[in-house]
Amino acid sequence: MKIVVCVKQVPDSAAKVTVENGKVTWGDAPLVINPWDEFAVEAALRQKEALGGTVTAVTIGGEGTKDALKHALAMGADDAILVNDPALGTLDTQAVAQLLAAAIKKIGGVEMVFFGRQAIDGDSGIVPAQTARLLGWPSLTLASVIQAEAGAVRVERSTEEGRQIVKAKLPAVLSVAKDYGEPRYPSFMGIRKAQRAEIPTLALADLGIPAPAAVVTWPEVMNLPARDVKCEIIGGTPEEAANALVDKLIAEKVL
Amino acid sequence: MDFSLSNEHLMVQKMVRDFAQKEVAPVIKEYDRKQEPIPFVLPRMGELGILGISFPVRYGGQGMDYVSLGLACEELEAVDTTMRVAMSVHVGLCAGTLFHWGTEAQKQEFLVPLAQGKKLGCGAFTEPGMGSDVTAMRAAAKRDGNQYILNGEKMWISLASKADYALITVKTDPNPKKPSEALSTFIVDLTSPGVTRGDIHGKLGVRAGSTGWINFQDVRVPAANRIGAEGEGFKITMSAFDRGRYTVASGATGLIRAALEASVKYAKERAAFGKPIAEHQLIQEKIARMAQDYEIARLLYLRAGWMQNEGKRCTREISFAKKFATEASFKAADDAIQVHGAYGFSDEFDVERYLRNARGAVIYEGSSEIQTLIQAGYALGQREDKPLRCEQPAYDAEEWQK
Ligand SMILES: Cc1cc2nc3c(=O)[nH]c(=O)nc-3n(C[C@H](O)[C@H](O)[C@H](O)COP(=O)(O)OP(=O)(O)OC[C@H]3O[C@@H](n4cnc5c(N)ncnc54)[C@H](O)[C@@H]3O)c2cc1C
């Protein structure tokens with residue numbers, strides 16, 4: 001089974017992301033693999049372990065984004081591909097999906113494509129569905145249990161309302177929810193393999209598509225309004241404290 | 001001169017950090033309070049390869065270098081000293097000494113399962129009546145055909161009750177020409193008849209770790225388990241301490257970092273006299289010192305790691321790193337408590353545990369006084385490193401993958 005996992009390099013979740021002069025910045029905070037994508041890599045590896053085959057990690061971006069691919073390799077992916085081209089401008093989600101779909105077609109014979117549920121920087125969560133649409137494959141998002149066999153896949157989806165069981169034919173695109181299970185750490189052997197791996201780059205000419213144009217622009221980005229919070233600690237016995245709290249909540253018109 | 005860590009080093013650091021922060025940090029307080037080891041920690045460290053990080057793949061290890069070993073110790077001790085102590089004795093004293101001095105057969109029999117994390121090792125030198133003065137040890141082994149008969153007691157041994165094997169140094173010559181020639185080193189299976197052991201309770205620190213005693217009563221040890229020659233035990237023990245001290249130094253560096261990070265966070269949150277305490281200069285002084293000491297400790301251990309990679313002897317450099325980092329970590333933990341005020345005095349925060357854990361490292365693996373003597377010896381030209389019969393193998397990025 002040929003499996004692809006799409007990953008993204010994002011600012012560390014501990015980074016302080018702010019807007020300066022209309023531009024988003026995270027200072028010199030390190031970039032890491034999107035934490036949700038680690039779940040996707042885990043799911044891809046478990047499918048490979050269950051069914052045999054290979055896992056190829058794919059990302060889009062400059063040299064620096066190779067670190068996300070290396071993380072996937074260190075976790076156990078077999079190989080990795082970088083999609084990059086000097087002609088690429090700002091990408092929105094559908095442009096990203098066009099590039100990924102082209103790369104997946106180029107790899108050829110892929111039966112399962114895994115994504116994280118969303119990227120922690122853009123937070124749109126729609127690239128998996130858009131990629132599936134462009135490929136003409138079913139899109140099974142927020143998967144928490146995945147069983148593939150005989151050209152089909154059965155997925156339990158974690159939705160806000162509860163669990164939903166869906167089935168589809170392969171090939172298919174899946175995005176993985178957090179309750180799929182903890183992603184493994186990179187192994188030491190994997191780390192070494194990742195550092196020595198030659199990661200090929202696919203340019204637009206290799207993909208056979210023109211540079212996809214973004215249809216969404218970001219005319220303005222703003223910092224969150226500063227919050228002015230006053231913290232007050234209410235003392236006394238639990239009963240007194242509860243009474244005082246209720247009085248205050250009523251006075252503040254919260255209750 | 002290139003001071004940067006390789007990407008490989010950075011990934012090792014992140015991997016060990018993620019393990020320690022995600023799996024151990026949430027439960028360490030509870031076990032420290034109970035004075036019990038966290039049951040899953042050592043098996044997990046074995047499974048992840050941390051217990052065999054710096055040994056060649058053919059000996060069951062992960063083929064990483066000595067710098068990676070230091071980085072791993074820094075990350076482990078930034079969460080809790082007990083994990084680093086396990087590295088010091090399992091990797092530094094026991095497995096590392098087999099790798100350095102063992103025969104191929106001994107490596108196959110003992111090093112492989114240790115490096116794979118399937119067996120645990122400890123190093124047993126200290127006795128109830130002696131610690132620093134190694135040649136004054138009384139535990140002894142007498143040759144009997146192709147065996148030795150071991151008698152005596154070892155005390156203050158980390159992982160005493162958990163280890164499968166002990167690397168142990170005892171007296172084999174009651175009338176040596178030189179006291180240092182009286183000793184020999186063995187690898188002993190701790191399930192052998194005549195071995196009894198237990199834990200010491202009521203320790204100031206490393207309370208989630210095992211520290212104990214091991215008693216040997218007519219324990220028969222195959223002569224094939226002797227490491228090196230008879231009479232070579234002193235030299236072997238000193239080389240084991242070099243390795244152990246390297247892990248102590250890098251670990252203590254992690255403790256300084258943990259104290260610093262806790263202090264920075266708290267100092268920004270806590271206000272006094274109308275501003276965050278981080279804006280009071282006397283608090284800044286403490287934080288600046290922790291930051292500076294962290295950098296110094298780090299440079300000292302990384303240099304020692306690099307020297308080991310190159311196959312250079314670095315007893316002197318490791319001594320500087322060990323003494324500086326352990327003393328600075330105690331000071332950093334103490335200052336971190338001060339920054340936290342009364343909250344630092346409670347185990348609601350981590351810094352009081354840092355202080356208790358930091359204290360032991362100023363004593364074990366060669367106390368600060370002993371380090372001072374070593375350093376003065378080098379400075380005064382009274383001490384120089386003579387070539388050893390075996391040198392600790394240099395790191396070989398290709399060979400170690402095999
Ligand atoms: C938590 C913990 C874990 C340990 N783990 C191990 C282990 O795994 N394996 C092991 O073998 N041992 C272990 N030890 C023991 C440790 O190595 C010894 O405590 C250490 O070597 C000091 O020996 P001692 O306690 O007998 O002190 P002593 O040697 O009796 O020294 C007492 C004091 O006198 C000082 N002193 C001694 N000689 C001199 C001198 N010449 N000049 C000036 N001052 C001197 C010492 O520095 C110390 O301050 C551990 C100890 C602790 C606390």
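Colleague: Why is B:Ala229 called partly exposed?
Modeller: This is a predicted model, and in it B:Ala229 has a relative accessible area of 33%. Buried would need under 20% and exposed over 50%, so B:Ala229, at 33%, falls in between and is called partly exposed.

Colleague: Where in chain B is B:Ala229 placed?
Modeller: B:Ala229 sits in the loop between β8 (226-227) and α7 (233-269) of chain B. Its C-alpha atom is 7.2 Å from that of B:Ser184, and the two residues are 45 residues apart along the chain.

Colleague: Why is A:Cys231 called exposed?
Modeller: The relative accessible area of A:Cys231 is 69%. The cut-off for exposed is over 50%, therefore A:Cys231 counts as exposed.

Colleague: What makes B:Cys94 buried?
Modeller: B:Cys94 has 0% relative accessibility. Buried means under 20%, so the label applies to B:Cys94.

Colleague: How many disulfides does the structure hold over all chains?
Modeller: The count over all chains is zero. Take B:Cys94: the nearest cysteine sulfur belongs to B:Cys122 and is 6.6 Å away. A disulfide needs two cysteine sulfur atoms within 2.5 Å, so B:Cys94 is in no disulfide.

Colleague: B:Cys122 is part of strand β1 of chain B. How do you know that both faces of β1(B) are covered?
Modeller: In a regular strand the side chains alternate between the two faces of the sheet. In β1(B), residues 121-124, B:Gly121 and B:Gly123 are on one side, with B:Cys122 and B:Ala124 on the other, and all of them are buried.

Colleague: What makes β1(B) and β4(B) a pair?
Modeller: Four bridges join β1(B) to strand β4 (residues 165-171) of chain B, in the parallel sense. Pairing asks for at least two bridges, so four are enough. B:Cys122 has B:Ala166 as its bridge partner in β4(B).

Colleague: Which residues are closest to the ligand?
Modeller: The closest are B:Thr126, B:Ser132, B:Trp156, B:Ser367 and B:Glu369, in a shell of 19 residues. The shell divides into ten nonpolar, seven polar and two charged residues. Strand β3(B) gives the largest share, three residues. At least two residues each come from β1, β3 (147-158) and α11 (368-379) of chain B.

Colleague: Turning to chain A, which strands of its open nine-stranded sheet are called edge strands?
Modeller: The order is β11-β10-β9-β12-β8-β1-β6-β7-β13, with mixed pairing. The edge strands are β11 (162-169) and β13 (201-202), each of which pairs on one side only.

Colleague: How do you know that β6(A) and β7(A) pair?
Modeller: Between β6 (residues 54-60) and β7 (residues 79-83) of chain A there are five bridges, in the parallel sense. At least two are required, so the two strands pair. A:Thr56 is opposite A:Asp79 in β7(A).

Conventions:
Residues numbered from 1 in each chain as written. Chains lettered and ligands numbered in written order. Predicted model: local features only at pLDDT ≥ 70, side-chain atom pairs only at ≥ 80, totals over all residues. Heavy atoms only, no water. Buried < 20%, exposed > 50% of the residue type's maximum accessible area, 1.4 Å probe, protein only. Near = heavy atom within 4 Å. Nonpolar A, V, L, I, M, F, W, Y, C, P; charged D, E, K, R; others polar.
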